[in-house]
Amino acid sequence: DQPHYNLRDLAGLEERVEAHIDGLRVAGNSGFAIAWAQLEQLGGPGELFAVALLALESRSAAWIEPVLKFAESVPRARRGLFGALGWVTPDVLRGQVIAWLDDPMSFRRLLGVVACSLHRANPDSRVERLLADEEPSIRARTLRLAGELGRLDLRDLVRPALKDEDNACRFWAAWSAGLLGDRAQAIPALRLHATGGDFRRR
């Protein structure tokens with residue numbers, strides 16, 4: 001977020017993170033145990049990122065399930081798991097994301113949508129069901145995904161969400177509506193968000 005950071009600086013930070021993660025990978029079970037101990041002690045998004053990355057790359061349910069349960073129970077740390085979903089390659093998530101999108105648990109469905117968003121993967125016919133999900137966070141992220149993917153076929157489903165009872169859903173509906181060419185309704189809605197509220201910076 002700092003104005004003096006450029007792309008080269010960010011790339012350097014990314015290389016440092018990858019080097020630390022690689023050390024944990026090489027350590028195998030011991031590395032996972034060390035990372036998990038830090039997560040239990042500090043419980044922040046950074047610790048969750050490291051543990052989640054190792055767990056996802058292992059493709060082992062014995063490692064992944066405790067990570068998902070931790071993230072669900074500690075909302076403030078969840079962005080660490082979301083970051084790990086974006087860091088791993090799409091091959092690591094193959095098959096897992098589909099299972100999450102179809103899961104009866106709302107947190108798992110959210111993970112599926114976040115993964116699709118970060119990797120610009122199209123959930124195809126599932127997107128209509130997700131746009132009508134009872135959980136606002138899932139609707140909001142799916143509305144965002146519609147714009148990220150340029151799904152022009154979803155304009156008629158995005159437009160009604162401009163009046164959603166959830167503020168995040170209203171913002172992402174306006175954001176995606178603008179990207180999908182429905183600017184007559186999107187611009188006035190975005191102007192309201194730009195003058196104040198949680199999404200002003202966005």
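**Questions on a predicted model**

Reader: Is Asp124 buried, partly exposed or exposed?
Author: In this predicted model, Asp124 has a relative accessible area of 48%. Burial requires a value under 20%, and exposure a value over 50%. With 48% falling in between, Asp124 is therefore classed as partly exposed.

Reader: Where is Asp124 placed, and what is its phi?
Author: Asp124 sits in the loop between H8 and H9. Most residues other than glycine have a negative phi. Asp124, a residue other than glycine, has a positive value instead, near 55 degrees.

Reader: How much space lies in the largest pocket, and which element gives the most to its lining?
Author: The largest pocket holds about 270 Å³ of space. Two or more lining residues come from each of helix H5 (78–87), helix H8 (106–119) and helix H10 (136–149). With four residues, the element that gives the most is H10.

Reader: How many residues of the lining of the largest pocket are charged?
Author: Among the residues that line the largest pocket are Phe82, Leu110, Trp172 and Phe199, and the lining also includes Arg78, Arg141, Arg144 and Arg202. By class, six lining residues are nonpolar and one is polar. The number of charged residues is four.

Reader: Are H2 and H4 roughly parallel or roughly antiparallel to each other?
Author: Helix H2 (residues 29–42) packs against helix H4 (residues 61–73) with axes 13 Å apart and an angle of about 10 degrees. Angles under 35 degrees count as roughly parallel. The relation of H2 to H4 is therefore roughly parallel.

Reader: How many nonpolar residues does the contact of H2 with H4 have?
Author: H2 contributes Asn29, Phe32, Trp36 and Leu39, which meet Trp63, Pro66, Val67 and Phe70 of H4. By class, this contact has one polar residue and no charged residues. The count of nonpolar residues is seven.

Reader: Which residues of H5 are buried, and which elements are included in what covers them?
Author: The buried residues of H5 are Gly80, Leu81, Phe82, Ala84 and Leu85. One of these, Phe82, also lines the largest pocket. The cover over the buried residues of H5 includes helix H3 (45–58), H4, helix H6 (90–93), helix H7 (96–101) and H8.

Reader: Which residues does Glu18 touch, not counting residues up to four places away in sequence?
Author: Glu18 belongs to helix H1 (residues 7–27). Its relative accessible area is 28%, so Glu18 is partly exposed. Beyond four places in sequence, the residues touched by Glu18 are Arg25 and Trp87.

Reader: How far apart in space are Glu18 and Asn167?
Author: In sequence, Glu18 and Asn167 are separated by 149 residues. From C-alpha to C-alpha, the separation of Glu18 and Asn167 in space is 36 Å.

Reader: With which residues is Tyr5 in contact, leaving aside its neighbours within four places in sequence?
Author: Tyr5 is placed in the segment before H1. At 40% relative accessible area, Tyr5 is partly exposed. Leaving aside neighbours within four places, the contacts of Tyr5 are Leu10 and Leu13.

Conventions: Residues numbered from 1 in each chain as written. Predicted model: local features only at pLDDT ≥ 70, side-chain atom pairs only at ≥ 80, totals over all residues. Heavy atoms only, no water. 1 Å grid on protein atoms, 1.4 Å probe; cavity = no way out; pocket = protein on both sides within 12 Å on 5 of 7 lines; lining within 4 Å. Points joined across faces, edges and corners; volume = space filled by probe spheres on them. Nonpolar A, V, L, I, M, F, W, Y, C, P; charged D, E, K, R; others polar. Axes fitted to C-alpha atoms, helices over the stretch in contact; angles between N-to-C directions. Parallel < 35°, antiparallel > 145°, perpendicular 65-115°, else oblique. Contact = heavy atoms within 4.5 Å. Buried < 20%, exposed > 50% of the residue type's maximum accessible area, 1.4 Å probe, protein only.
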